[in-house]
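User: I have a structure open and would like to go through it piece by piece. Can you help me read it?

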Amino acid sequence: MIWLIDYNHYKKEIDSRLNKCKQDYFIVKSYKRFNIIGETAPVKTKTFSNGLLRLATILDANGICVRYMHYNMLEFALNNGEPLPETIAFSAVCPTVPLCAALAQRIKAVSPKTKVMIGGAHINVAAKETANRYPIFDKLVIGYEMDAAQQLTDKKLTVCPKPYVNYSLLPFSLADYAINTFTTMGCPFSCNYCVDGRAPHFFSSENGQLDEMVKLLPLRTLVHFFDSVLGYSRDGLKNVCKQIEATKHNFVLSCDMRADMIDLDAIYALESAGFVEIRLGMESSDSDLLKKNGRTLMYRKLMEKLELLYSKSKLYVTLYTITGLPGTTWEIQENTLKECDYLLSSGLVDEIKNSLYVPYPMEGVDYSTRGVTILNDNWEDYDRQSYPVYRTVELSSAELWEMYIKTAESINTSWLKSIGFSDFSEVPYNPTYYSEYIIPNYLKDEGE
Ligand code: SF4
């Protein structure tokens, strides 16, 4: 028996100013999305990892006894002295690796013969450092899919199952989860602040398994496609959209996309497939800063595409921005915030999400050559809501934090103004929709 432990998501206490920003953000988001997109099935916050579920699906199809568990289910088993299996394998992201190591210690203390392994996005880019820091793991699983499944079992596996993932292996019904799916892994671009460009390129399912989901999920469920670029290429996008349309779903679809893939054909394909939202990376309005960070898509090109979307589509457009990229100065950030204000007030974009740059450990990357000094090497703090773990040539970590909070506040204020209110308390939002941060459930939980 193999237990696969999903430790890709977690909750933690966050700074009170940041928490207030997140609550204000979700008040406007709830109001705005309800007004533009309308009612949806209730939004869920429980999540699962498609990559780990794929491993469970492969093992199960090859006759290996497997159990998919969330980390708190493992904690429950340990707290209650349940018998442990032959193998326990974690899937982790950078900030949860130390938490998995602590659980591995507990496993070994009560069941020394249980093999404990770890894999996931972080391990694929920082295996050596993980092995050095955490020798408690018997094996690091590197790679994806069949490769990873074979490393887990030390066996040659012959069945490569379809559909891509078997939702019945999840511990809860699919309808209990927030739905994120994908059609292709990897990104054809390589911005140097992002790990997606380092992931291998492979296909999972041409319609993101919507054909399965239509049997399992209520009407108007929110389904997000997290492909780095939906369909990976222009042709891929058209094909994926056709396949999605053919499922005759009645979901509310969103996807991540590169603005330079957008043209009239792409807009037509997306809308015909049932997409109501696209999310595009902007990061900053400063071309030199973007170039310095390996991004080839500049703000001027993004603007052209936003104007096309505005005039030719009904798509709800969300932009991603990053605060604290190496090379950022207050002046650059102030200019970016002026552009954000313009984009929201003109209606060219409907929402802007801001996140903090994190210098994730990656083999072969020496951050000092990018003007970044690492100040804190505790991986638990390597996330987008903890105090910055670095400083740059231009800014101290305290200044980066201040810039991050001020950016969040400024975007919230611009957004509030764009919907015609002057105070967040005036917004008549409907708490049933998009309320994940309004109900302050983001604080560290004690397990479900
Ligand atoms: S930021 Fe976007 S375009 Fe750049 S590598 Fe990451 S996913 Fe690809």
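Predicted model: local features only at pLDDT ≥ 70, side-chain atom pairs only at ≥ 80, totals over all residues.

User: Let's begin with a helix. How many residues does α1 have, and what does it reach from end to end?

Analyst: Helix α1 has 21 residues and reaches 30 Å from its first C-alpha to its last. That is close to the 30 Å expected at 1.5 Å a residue.

User: Which residues of α1 are buried?

Analyst: The buried residues of α1 include C21, D24, Y25, F26, I27 and V28. K29, S30, Y31 and R33 are also among them.

User: What do they pack against?

Analyst: The buried residues of α1 pack against β13 (351-356) and α14 (397-418). Just after α1 comes G38, with a positive phi of about 90°.

User: And α9, what about its span?

Analyst: Helix α9 covers residues 234-246, which is 13 residues. At 1.5 Å a residue they should span 18 Å, and the end C-alpha atoms are 19 Å apart, which agrees.

User: Which residues of α9 are buried, and where do they sit around the axis?

Analyst: L237, V240, C241 and I244 are the buried residues of α9. They cover an arc of only 100° around the axis, so they lie on the same side of α9.

User: Why would residues with such spacing point the same way?

Analyst: An α-helix has 3.6 residues a turn, so residues three or four places apart point the same way.

User: What does that side of α9 touch?

Analyst: The buried residues of α9 pack against α8 and α10.

User: Switching to strands. In what order do the five strands of the open sheet stand?

Analyst: The order is β2-β1-β3-β4-β5, and the pairing is parallel. The edges are β2 (66-70) and β5 (139-140); each has a single partner strand, so one side of each has no neighbour in the sheet.

User: How many bridges join β4 and β5?

Analyst: Two bridges, in the parallel sense, pair β4 (residues 115-119) with β5. M117 has K139 in β5 as its bridge partner.

User: Next, the ligand. Which residues are around the ligand?

Analyst: They are C187, F189, S190, C191, C194, D196, G197, S228, R258 and G281. The shell divides into four nonpolar, four polar and two charged residues.

User: What about A259, buried or exposed?

Analyst: A259 is buried, because 22 other C-beta atoms lie within 10 Å and 20 or more is the cut-off for buried. A259 is in the loop between β10 (252-257) and α10 (264-273).

User: Where is V43, and how far is V43 from L222?

Analyst: V43 is in the loop between α1 (16-36) and α2 (50-61). V43 and L222 are 179 residues apart in sequence and 7.4 Å apart in space, C-alpha to C-alpha. V43 is partly exposed, with 15 other C-beta atoms within 10 Å.

User: Where are phi values positive here?

Analyst: E145 has a positive phi of about 50° although it is not a glycine. E145 is in helix α7. R220, also not a glycine, has a positive phi of about 60°, and R220 lies in the loop between α8 (210-216) and β9 (222-225).

User: Which peptide bond is cis?

Analyst: The bond from K162 to P163 is cis, with omega near -5°. P163 lies in the loop between α7 (145-153) and β6 (179-181).

Methods
Residues numbered from 1 in each chain as written. Helix = DSSP H or I, 4+ residues; strand = E, 2+ residues; numbered from the N terminus. Buried ≥ 20, exposed ≤ 12 C-beta atoms within 10 Å, placed from the backbone. Pairing = 2+ DSSP bridges. Near = placed C-beta within 6 Å. Nonpolar A, V, L, I, M, F, W, Y, C, P; charged D, E, K, R; others polar. Expected span 1.5 Å × (residues − 1). Contact = placed C-beta atoms within 7 Å. Arc of directions from axis to C-beta.
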